[in-house]
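Biologist: I'm new to this one, so could you take a close look at the loops for me? I'd like to hear about the backbone there and what goes on around it.

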Amino acid sequence: MKNKQVLLSIVEFVVVVAVTICVFKFVAIPIRIDGSSMENTLHDDDIALINAIGVNENNIERFDIVVAYSDQLDEKIIKRVIGLPGETIKFENDVLYVNDEIVVQDFLDSDFVEESKITYNVDQFTEDFEVVLGDGEYFLMGDNRLRSTDSRVLGAFTIDDIIGFKGLVIYPFNSIQWME
């Protein structure tokens, strides 16, 4: 009788561990924010759970926060989707143009942008550039353009590189927020 209970406890433990591993690998990926590239939206050492379900071309939208795997850096990075497949992305004088139309970046904190320009003694928060995305290519950028290694350096990402999107900051507790 005792052996049966011990065996049942071991089986229950193994099932709980297996389910937990599956949830954190395929459903809600835990990630620690490392660095300042997503300031002032996400902060260094924040911990978030990122949605790993439904990552496909139909669900990724402009300005979604995503986790992507960078082959060049050999690590996961967290960035914001700026450009979608087939689009022409252009920054000129800190203004985002998508296919020659102005697109407002409401998620950027204007006070943070101005303070950053003063801190780094620059005239622009986002240097001017233009890129044309091919089929299946996404242009990802950090919210802190002056401190971000993103598609401007790493090139475009594909849907296969994106492992999760949106999510919830869960720590520190005073920073709990949805990431959209």
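Predicted model: local features only at pLDDT ≥ 70, side-chain atom pairs only at ≥ 80, totals over all residues.

Modeller: Here is a walk through a few loops, with some side chains along the way. Residues are numbered from 1 along each chain as its sequence is written, and side-chain values use heavy atoms, with hydrogens and water left out.

Let's start with N40, which sits in the loop between β1 (28-32) and β2 (47-51); strands here are DSSP runs of E with at least two residues, numbered from the N terminus. The peptide bond leading from E39 into N40 is cis, with omega near 5°.

Next come two aspartates with a positive phi. D94, in the loop between β5 (88-92) and β6 (95-98), has a phi of about 65° although it is not a glycine. Its relative accessible area is 22%, so D94 is partly exposed (buried is under 20%, exposed over 50%, partly exposed in between, using a 1.4 Å probe and protein chains only). D100 lies in the loop between β6 and β7 (101-103) and isn't a glycine either, yet its phi is positive at about 70°. With 66% relative accessibility, D100 counts as exposed.

Another loop aspartate is D74, found between β3 (65-70) and β4 (75-83). D74 is exposed as well, at 56% relative accessibility. Together with D34, D44, D71 and E75, D74 makes up a negative surface patch. For such a patch, residues need over 30% relative accessible area and no salt bridge, and like charges are joined within 9 Å; a salt bridge means a side-chain nitrogen of Lys or Arg within 4 Å of a carboxyl oxygen of Asp or Glu.

Last stop: P172, in the loop between β11 (162-171) and β12 (177-179). The bond from Y171 to P172 is cis too, with omega near 0°. Aromatic rings pair if their centres lie within 6.5 Å, with planes under 30 degrees apart called stacked, over 60 edge-to-face and the rest tilted. That rule gives five aromatic pairs. In one of them, the rings of Y171 and F173 have centres 5.3 Å apart and planes at 85°, so they are edge-to-face. Y171 is partly exposed at 42% relative accessibility, whereas F173 is exposed at 62%. Elsewhere, F91, F129 and F139 form one aromatic cluster.

Technical notes
Helix = DSSP H or I, 4+ residues; strand = E, 2+ residues; numbered from the N terminus. Patch = residues over 30% accessible without salt bridge, like charges linked within 9 Å, V, L, I, M, F, W, Y side chains within 5 Å. Areas by Shrake-Rupley, 256 points an atom, 1.4 Å probe, with all protein chains shown as cover. Lys, Arg positive; Asp, Glu negative; His and termini not counted. Charge placed at Lys NZ, Arg CZ, Asp CG, Glu CD. Phe/Tyr/Trp six-rings, centres within 6.5 Å; stacked < 30°, edge-to-face > 60°.
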